[in-house]
Protein chains: 2
Amino acid sequence: MSRIRFALAQINPIVGDIAGNARLIIDAVSEASENSASVVAFPEMALTGYPIEDLAFNLDFVRESMSGVDELARTLRTKGLGDIAVVVGYIRESDETSHGGAIAHNSLAVLFEGDVVEIYDKQHLPNYSVFDEQRVFNPGKTDSVVTVGGVTTGLLICEDLWRDDGPTARMASLETDVVLVINASPYERTKDDMRMPLMARRAIEFGSPLLYVNLVGGQDDLVFDGDSAVTSASGELISRAPRFAPSILYTDVDGTSNQAGLAVRTHDLASGVEVGDLRDNDERDDVWDALVLGLRDYALKNGFPGIVLGLSGGIDSAVCAVLAADAVGAANVLGVSMPSKWSSEHSKSDALQLAENIGCAYVVEPIAPLVDPLESQLELTGLAAENVQARIRGVILMAKSNQSGHLVLTTGNKSEVAVGYSTMYGDTVGGFAPLKDVPKTLVWALAERRNERARRRGETPPIPQQSISKPPSAELRPDQTDQDSLPDYATLDAILELLIDERQTVAGIVNAGYDLDVVSRVAHLVRISEWKRRQGAIGPRISSMAFGRERRLPITVRRTSL
Amino acid sequence: MSRIRFALAQINPIVGDIAGNARLIIDAVSEASENSASVVAFPEMALTGYPIEDLAFNLDFVRESMSGVDELARTLRTKGLGDIAVVVGYIRESDETSHGGAIAHNSLAVLFEGDVVEIYDKQHLPNYSVFDEQRVFNPGKTDSVVTVGGVTTGLLICEDLWRDDGPTARMASLETDVVLVINASPYERTKDDMRMPLMARRAIEFGSPLLYVNLVGGQDDLVFDGDSAVTSASGELISRAPRFAPSILYTDVDGTSNQAGLAVRTHDLASGVEVGDLRDNDERDDVWDALVLGLRDYALKNGFPGIVLGLSGGIDSAVCAVLAADAVGAANVLGVSMPSKWSSEHSKSDALQLAENIGCAYVVEPIAPLVDPLESQLELTGLAAENVQARIRGVILMAKSNQSGHLVLTTGNKSEVAVGYSTMYGDTVGGFAPLKDVPKTLVWALAERRNERARRRGETPPIPQQSISKPPSAELRPDQTDQDSLPDYATLDAILELLIDERQTVAGIVNAGYDLDVVSRVAHLVRISEWKRRQGAIGPRISSMAFGRERRLPITVRRTSL
């Protein structure tokens, strides 16, 4: 009986950057080697980044990925790391082109002694939610089990594990010492509730421990949370990597190659490994960390030197500012207060207080001298006059961005995005929308929690209490509040959850106890603001029904409940 | 031997509007009845509109579609039209829910004497280009052949016809008198080059005439061109409906039920039918008509009372203004001239001339009094100062829209959209982008042709010659021209065609004879402007590689050639 050490390396690659991602892989193998690992596993498409979308149709890129693994194998050997088996996700050219033009497989390669010794192609291609894999990939047709150092190891890629048919069913009938699944599985608030029971169930079916390694990092609207884990053959969660950060999780596996039975044992190393049935994390911390990682990676991977945003004194911009400071450091954040003649005193003082709390740069640009000429030349009244104020603020922020190169944040939350409570080309201006998938009620909860975390650490709570407690207002006319035009946010968010996340109809929501007029109006607003969402900035997805590629609906549609 | 008349009714439904679409269907059946038709065929998903995207996950909608066909059958009988066999596309609930949550089939029903007498579910679901049908539908499993009035009729839906395997292969081995395929096939400039030879080939394979009925109308970014047609058993194109307009095409078919051989004959009625191998249309007319239909249906189906756009005196805004006038009538179009201190005299006079030529409303809003306070307060210079001019124009147009309810057009062309030659929240402001898929060189060609059509009709050519002939300029600084920052448009468009439509790499394009530096810069510009495209307005697709759902690429990507 042999015992070997597996390292599950959750890395943060950049889409398209094969050379850079290969360096991350080499560094991790090197580190794992120092910790006596015999096998190092990387996530799905670790070499190419994920998702690459239609870049999968680019034959040159596919071939660069293939030569990239070959070169990676050689480089590892050159560096004296050839005796470690490396399992790495990449893409490779398929034998056939599909009717739709797909030319590639979503694959893994096993590298050993300078060569690619095994290849496995993902068999189940997800084509729902945010995934379009049947569009861009061809499915694999064969299973793969490799024996490394006496340990018989079944290999799977992500969606393969989620389906009862095909490779999992066949894997369950094989004798494996361990099953390794490599993943690019994005964070969702409730995903652990699905992932962990699934891992337990499959481990029991396989009769072997299950090793799960997942990507980490932000990629446009997706945040990969890592959270690599090991489950015993009896389905017990044995060890787990940190979330939202690159990390290597080690586990030792006993092999029984050529023996019947399941004499496998998985246990943990002391160093750097978090163990436990469940982490005792407040869910709000996970959401916060996901938003920070999504924002940080969008800013850094796209080369922005900093972040600029408007500070209104309200809760959304306050939370966005703290997210920005947590993501790229307060020294790289510029807050702009843009008071109008309708802005309250507390708006200005709360914005200033926030900037002082987090220590970011802060400027004040009053908008009245800029809005007045427009109002007068264009004879603006009512909604048109309100909107011009928001649009001038957008112009100011974009000018600041043009001057500094900073990324502009748009601070709207999911509730506002849902019902179109925004001024197009006004407060919607920006390259990234940190709260796009965060309902207003959760924005408040995040603010409370972030302040609480600061207090626990002995720091000043960053978000002024008044920004949390005062009634929300766009302040585009005197004494305006959001509730002049919207139901209270607790009601609105509950209705939106049923309407959007659960795809219920107006009738169904009314049956659940909500007022028909209110529900109908909300559904109507959601429908007619689709054109706004189509032109909205991307933002990190934290739900299982985020606006964007996950919810594809027509603009032109004559029906209220979608 | 029996002879019966088929009517191919290309209608223009609205997505989601089952009741309204049913009325269109009933009206067409009634008209066909007066013309002695025994069978009336409607396009794919004529009852629901197409594409419905994720609305296919809405169980209530799916069931409304099913009860909608039942009610349609009953209504037709009530109106004395029950003896006509009606073939209509709709969606219906499938027995199983797919792993991805799909609950519906893309189906057709045959209605007769008040009942649904046959159902066929589409077997091949396109999941490439603009189509996501494997996401939202489940495939059918059985073929369908019905006999109506002695005519044995094979039934197919759209993609079924395009694939060599499955239903077409089996249909070829059956004895059918005719094959009817119902479609929702969007216009592309070169699609006839594919559709017509495909129809000929399949008709020969089937050994029977092929009847093809296609949707017509604009739906968001897609334009369905109708172009329903009949091919003889020997593959000859026999008759063809008009393009870009609702129409009924009649054809008589001889039935040989229970007989061997192919004693089928298809011929045309005199009235309302255009016959010929190929229409002698200038391709620019098709493109123009597609753009007009796409714009008209977007405006009308979304209830806009009119259209507002900026008139710069340049070619793009001139072409957009004429498209708008052709789409909704010049009386419903407002042109806004927004001269700056850098605007040339000809810009102002050409804009005025255009407005006079087409007879639309016209106002002048100088921007200097609005830009100056911004320049001075924000200390703007260089690019920031240039952009503010464009953004103030966006603010003006949106204010006009807020005041009138008009749809704002953004006038950028495909070449500009490709390389990001635009000011975000400036000239990109608008709900619809008529030229989004039209390269600059084609914009000029369309302008010339539209003027030529006007001259032939004895009308004033609408587009001032100077707008066509002068060098393009954004006029954001003195003596600026587009070619200060871009290669000449003939070169740019040729490179973009290779890079985007043909997905060639930089190396491949250089091999085709273009300068490495130029190609690299263009590829770089295309990559870094993806974030702009994500926030861009939709516009009618006329190519087989339009920006939007057809070309899905990450914003965050570290690679030049995508």
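The legends below describe several close-up views of a predicted model.

**Figure 1. The two domains of chain A.** Chain A is divided into domain 1, which covers residues 3-272, and domain 2, which covers residues 286-481. The C-alpha centres of domain 1 of chain A and domain 2 of chain A are 40 Å apart. Where these domains meet, 13 residues of domain 1 of chain A are in contact with eleven residues of domain 2 of chain A. Together, domain 1 of chain A and domain 2 of chain A bury about 1000 Å² between them, and 61% of this area lies on carbon and sulfur atoms.

**Figure 2. Polar and charged pairs between the domains of chain A.** One salt bridge is found across the interface of domain 1 of chain A and domain 2 of chain A. Asp286(A) forms a salt bridge with Arg243(A), in which the closest N and O atoms are 3.0 Å apart. Six residue pairs in polar contact, with both residues at pLDDT 80 or more, are found across the interface of domain 1 of chain A and domain 2 of chain A. On the side of domain 1 of chain A that touches domain 2 of chain A, strand 10 (216-219) and strand 11 (222-225) of chain A each supply at least two residues, and strand 10 of chain A gives the most, with three residues. Sorted by class, this side of domain 1 of chain A has seven nonpolar, three polar and three charged residues.

**Figure 3. The interface of chain B and chain A.** The contact takes 79 residues from chain B and 79 residues from chain A. The size of an interface is often given as the accessible area lost when the parts come together. For chain B and chain A the buried area is about 7000 Å², with 53% of it on carbon and sulfur atoms. Arg135(B), Thr556(B) and Arg558(B) supply 10% of the area that chain B buries against chain A, which is more than any other three residues supply.

**Figure 4. Pairs and elements at the side of chain B that touches chain A.** Ten salt bridges are found across the interface of chain B and chain A. Asp17(A) forms a salt bridge with Arg558(B), in which the closest N and O atoms are 3.9 Å apart. Between chain B and chain A there are also 44 residue pairs in polar contact, with both residues at pLDDT 80 or more. Among the elements that give two or more residues to the side of chain B that touches chain A are helix 2 (59-78), helix 7 (283-301) and helix 11 (382-404) of chain B. The largest share of this side, 13 residues, comes from helix 11 of chain B. The residues of the side of chain B that touches chain A divide into 36 nonpolar, 20 polar and 23 charged.

**Figure 5. The axis that relates the two chains.** Chain B can be laid on chain A with an RMSD of 0.0 Å by a turn of 180° and a shift of 0.0 Å along the axis. The two copies are thus related as by a two-fold rotation axis. In chain B, the C-alpha nearest the axis belongs to Gln535(B) and lies 2.0 Å from it. Because 100% of the interface residues of chain B are also interface residues in chain A, the copies meet through the same surface.

**Figure 6. A salt bridge within chain B.** Over all chains, the structure holds 110 salt bridges. In one salt bridge, the side chains of Arg63(B) and Glu93(B) meet at 3.0 Å, N to O. This pair links distant parts of the chain, with Arg63(B) in helix 2 of chain B and Glu93(B) in strand 3 (residues 85-93) of chain B, 30 residues apart.

How values were computed
Residues are numbered from 1 along each chain as its sequence is written. Chains are lettered from A and ligands numbered from 1 in the order in which they are written. This is a predicted model: local features need pLDDT of at least 70, side-chain atom pairs count only at pLDDT 80 or more; totals for chains, interfaces and linings use all residues. Side-chain values use heavy atoms; hydrogens and water are left out. Domain bounds come from an automatic or database domain assignment. Contact means heavy atoms within 4.5 Å. Buried area is the accessible area (1.4 Å probe) that two parts lose on being put together, summed over both. A salt bridge is a side-chain nitrogen of Lys or Arg within 4 Å of a carboxyl oxygen of Asp or Glu. A polar contact is a pair of N or O atoms within 3.5 Å; within protein, one must be able to donate a hydrogen and the other to accept it, and residues adjacent in sequence count only if both atoms are side-chain atoms. Helices (H or I, at least four residues) and strands (E, at least two) are DSSP runs, numbered from the N terminus. Ala, Val, Leu, Ile, Met, Phe, Trp, Tyr, Cys and Pro count as nonpolar, Asp, Glu, Lys and Arg as charged, and the others, Gly among them, as polar. Copies are superposed by least squares on the C-alpha atoms of residues with pLDDT of at least 70 in both.
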